[in-house]
Amino acid sequence: MHKRGRAVLKNPDLLPTTPSTDVWRNDFWGTPLNHTGSHKSYRPLCVLSFRLNYAVGELEPFGYHLTNILLHCLVTAVFTHTVHKLSKRSLTACLAGCLFASHPIHTEAVSGIVGRADVGAALFFLLSFLSYVKYCEIREQDSTHSLSATSWIICAGCFAGLSMLTKNKGSQS
């Protein structure tokens, strides 16, 4: 069995009989992080999403693929919004969104079940970036340390953390 298939097919962390807290102590493939055979890929939010898929449809691939497609659509919408926010041009944002949605580099991340880590990390990274942009906009308008600005910088940090919990390199997406 290919190593990637093991992330879902042989991962004990997906099973309802395994305590959900094990997700936080195990690597992406369900091996304890302190085990010498662990890959050390720490992606608990991705594994939790697999666990949710398993709870709904067990190992039926349709649900896993549908989730990846829906996440890709969401990431594409957030990316398009990000480009529009930065360029202030609807046509530029629309073209960038279409290119992003259809670029071949995303094929594996969307069609391969384990590609969810990439898609999820990208989503949280973009949300972190947008939160930071909002923080900067508020700070530019109001130089005082307002509660609103503080909440946006906290959101940026939280989304960055969620990105890293989805894929351990989420901060580099």
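Helices here are DSSP runs of H or I with at least four residues, numbered from the N terminus. In this predicted model, helix α4 spans residues 90–102 and includes Cys94. Asn26 lies 68 residues from Cys94 in sequence, and the two C-alpha atoms are 40 Å apart in space.

The largest nonpolar core has 14 residues, and the members that touch the most others are Val8, Leu14, Phe28, Phe50 and Tyr64. Helices α1 (3–9) and α2 (44–57) each supply at least two residues of this core. The largest share, 4 residues, comes from α2. Phe28 shows what surrounds one of these members: leaving aside residues up to four places away in sequence, Phe28 touches Ala7, Asn11, Ser41, Arg43, Cys46, Val47, Phe50 and Val114. Another core, of 10 residues, lies apart from the largest one and has Leu71, Val78, Leu126 and Leu130 among its members.

The next topic is how two helices pack. Such a pair is described by the angle between the axes and the distance between them. For α2 and helix α3 (residues 61–87), the angle is about 135° and the axes are 9 Å apart. On the α2 side, Phe50, Asn53 and Tyr54 make the contact, and on the α3 side Gly63, Tyr64 and Thr67 do. Of the residues in this contact, 3 are nonpolar, 3 are polar and none is charged.

Notes
Residues are numbered from 1 along each chain as its sequence is written. This is a predicted model: local features need pLDDT of at least 70, side-chain atom pairs count only at pLDDT 80 or more; totals for chains, interfaces and linings use all residues. Side-chain values use heavy atoms; hydrogens and water are left out. A nonpolar core is a set of buried Ala, Val, Leu, Ile, Met, Phe, Trp, Tyr and Cys residues joined through side-chain atoms within 4.5 Å. Buried means under 20% relative accessible area, exposed over 50%, partly exposed in between (1.4 Å probe, protein chains only). Contact means heavy atoms within 4.5 Å. Axes are lines fitted to C-alpha atoms, for helices over the stretch in contact, and angles run from 0 to 180 degrees between N-to-C directions. Ala, Val, Leu, Ile, Met, Phe, Trp, Tyr, Cys and Pro count as nonpolar, Asp, Glu, Lys and Arg as charged, and the others, Gly among them, as polar.
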